[in-house]
Amino acid sequence: MKFFLLLLAVGFCWAQYSPHTESGRTSIVHLFEWRWADIALECERYLAPKGFGGVQVSPPNENAVINNPSRPWWERYQPVSYKICTRSGNENEFKDMVTRCNNVGVRIYVDAVINHMSGSGVSAGTSSTCGSYFDPGSRDFPAVPYSGWDFNDGKCKTESGEIENYQDATQVRDCRLVGLVDLALGKDYVRSKIAEYLNNLIDIGVAGFRIDASKHMWPGDIKAILDTLNNLNTRWFSEGSRAFIYQEVIDLGGEPITGSEYFGNGRVTEFKYGAKLGTVLRKWNGEKMSYLNNWGEGWGFVPSDRALVFVDNHDNQRGHGAGGASILTFFDARLYKMGVGFMLAHPYGFTRVMSSYRWDRNFVNGQDANDWIGPPNNDGVIKEVTINPDTTCGNGWVCEHRWRQIRNMVAFRNVVDGQPFTNWWDNGSNQVAFGRGNKGFIVFNNDDWSLSVTLQTGLPAGTYCDVISGDKSDGNCTGIKIYVSSDGKANFSISNSAEDPFIAIHADSKL
């Protein structure tokens, strides 16, 4: 009996680390600021057919409407209630999206903003996405309802009430983050209102949550909320399934708060991943791709089964939130595709692809003065994501997840899932290659000279289509062909001036 209970406990605990993606789907995409109607369509027409496992969506709860500057992206992180009502759509549209995406096996993960409510600089009134009254100054959010009793003002010990010292873990968790009024998550009432909101989303059919600003909450307070959540909806998930949890903990190693403190609740976002990978691919500080042979825990990252990884996210592509200059984004398309390709080929962590919109950067003293700009819109109404004849996106949407190189590497990861990291090769500089068992092989040339080399791929003999330069289509390759001989070896040639200086082949790209 004891053994059975132990198994039950282990299974129950493990659940929040599993994304509940359908078998054979191993990556998710963040469709940042998309409308619910467009996400529903994208699940059906593209994400499901291309093997994506799920979508992280922008916060769905009612937020303050900010008009100075005009409708910035960060207004979504200024909650005024837990009504599902934003410029991405209303509750019915949200439910329709979740249903349609789940029906084609694409999961929905909600960005949950539970650390705070809207803050200083926002006037009292009904300027919110659903018209609810709120007053941050008097801590009055009647649509929840929250009052002055429900915030940490008395608990914070700094003179300003703001976080003044990130070396003081208590301040970081009990004081206001950039003026946002800090919820008293130690109180049962506050926990119950948050759980009510999250349970509503679970009952609709979401598969899990990104917990925003987790570092600014005590791990025990998060756990107390998670412990009261419902099991996932059995219409799409097996009985007893628990929500997938990944917590935003920015831990670059220089502060007392560490990602490991949050492992008991779920996975954490490994911010060192994108920062270090960007430094290596940019060849800064003498870094070389040959150093990546022990990538992952060997670089001081959290354990693979506790990590959610990404090359960039909505914050750091704008220079915020662990946004060092090394971060690769769609603005650096050539290096970016290599970075995302490496991430999707390598077995470490659970991977999330970014899908962005364009904005005109304007650097002043090294900082982008336009980092606030919201999604493509007409007078505040988010523009539809239109699809061009070549399958790229229009209307100002970047849609990196639709780039051939990235979409095909999502498929590569699906094919090689569970295979060991094998056949590493490097030239001591920035030409590297590695395999995933007998299912896939990838080669990079990030040097200033051409690569021409014969390598052991570990793959069965045959002709393979390189999925970076093209596709396997109608029994042929639209890009480069790679011939693997009976001994598993193949010759690879990559010019240093190639638009995409890497080649990837896998079992499903074999002719």
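Contact here means heavy atoms within 4.5 Å, and helices (H or I, at least four residues) and strands (E, at least two) are DSSP runs numbered from the N terminus. This is a predicted model, where local features need pLDDT of at least 70, side-chain atom pairs count only at pLDDT 80 or more, and totals for chains, interfaces and linings use all residues. Residues are numbered from 1 along each chain as its sequence is written, and side-chain values use heavy atoms, with hydrogens and water left out.

**View 1. α5 against α6.** Helix α5 (residues 188–204) packs on helix α6 (residues 219–226) at about 55°, with the axes 9 Å apart. Axes are lines fitted to C-alpha atoms, for helices over the stretch in contact, and angles run from 0 to 180 degrees between N-to-C directions. Arg191, Ile194, Ala195 and Leu198 of α5 meet Asp221, Ala224 and Ile225 of α6.

**View 2. Glu261 in its loop.** Glu261 sits in the loop between β10 (244–247) and β11 (267–269). Leaving out residues up to four places away in sequence, Glu261 touches Arg173, Pro219 and Pro256. Gly240 is 21 residues from Glu261 in sequence and 26 Å away in space, C-alpha to C-alpha.
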